[in-house]
Amino acid sequence: MANRLRGEAAFVLDGTEHRIVLDAEAMLNAEDMAGIGLLSLVERLDSIRVLAALLAAGLSSASGKPVGLTAAAEMLLASDAPRGALLAALTQALPAPAGEEAGADATVNPPPPVNGTGSSS
């Protein structure tokens, strides 16, 4: 079972469970594979190369076996499950900005209403 508080997540693809671990080694490997730093990786989560680098590094870290960019990209294109698990692991692996609470018990406040309060003026 994946420990989401340690940057771990799991997904099932074609009947096989795959585990992702985004530890320090995985982050370093993702930087190397994508050719950009960690902050740039996080800012470019709309790039298949960046997502594949993070997924490949996380899968490799969990299994101890190398996973290539192409194999990770094919997983991402085959199903939404790898992307969802990757984003969950990434959210847990990175520290929250100063002043924000992190972890499974953190509460997200909903945005304020856009169209006023509903009462007439």
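The chat below goes through the core, a helix contact and a salt bridge of a predicted model.

Me: What should I know about the model and its numbering?
Reply: Residues are numbered from 1 along each chain as its sequence is written. The model is predicted, so local features need pLDDT of at least 70, side-chain atom pairs count only at pLDDT 80 or more, and totals for chains, interfaces and linings use all residues, while side-chain values use heavy atoms, without hydrogens and water.

Me: Which residues touch the most other members of the largest nonpolar core?
Reply: Phe11, Ile20, Leu22, Leu54, Leu55 and Leu86 do, in a core of 27 residues. Such a core is a set of buried Ala, Val, Leu, Ile, Met, Phe, Trp, Tyr and Cys residues joined through side-chain atoms within 4.5 Å; buried means under 20% relative accessible area, exposed over 50%, and partly exposed in between (1.4 Å probe, protein chains only).

Me: And which helix gives the most to this core?
Reply: That is α3, with 9 residues; helices are DSSP runs of H or I with at least four residues, and strands are E runs of at least two, numbered from the N terminus.

Me: Switching topic, where is the salt bridge?
Reply: Its partners are the side chains of Arg19 and Glu8, at 2.9 Å from N to O. The rule asks for a side-chain nitrogen of Lys or Arg within 4 Å of a carboxyl oxygen of Asp or Glu.

Me: Is Glu8 buried or exposed?
Reply: Glu8 is buried, at a relative accessible area of 5%, whereas Arg19 is partly exposed, at 32%.

Me: What does the pair tie together?
Reply: Arg19 lies in strand β2 (residues 16-21) and Glu8 in strand β1, so the pair ties together parts 11 residues apart in sequence.
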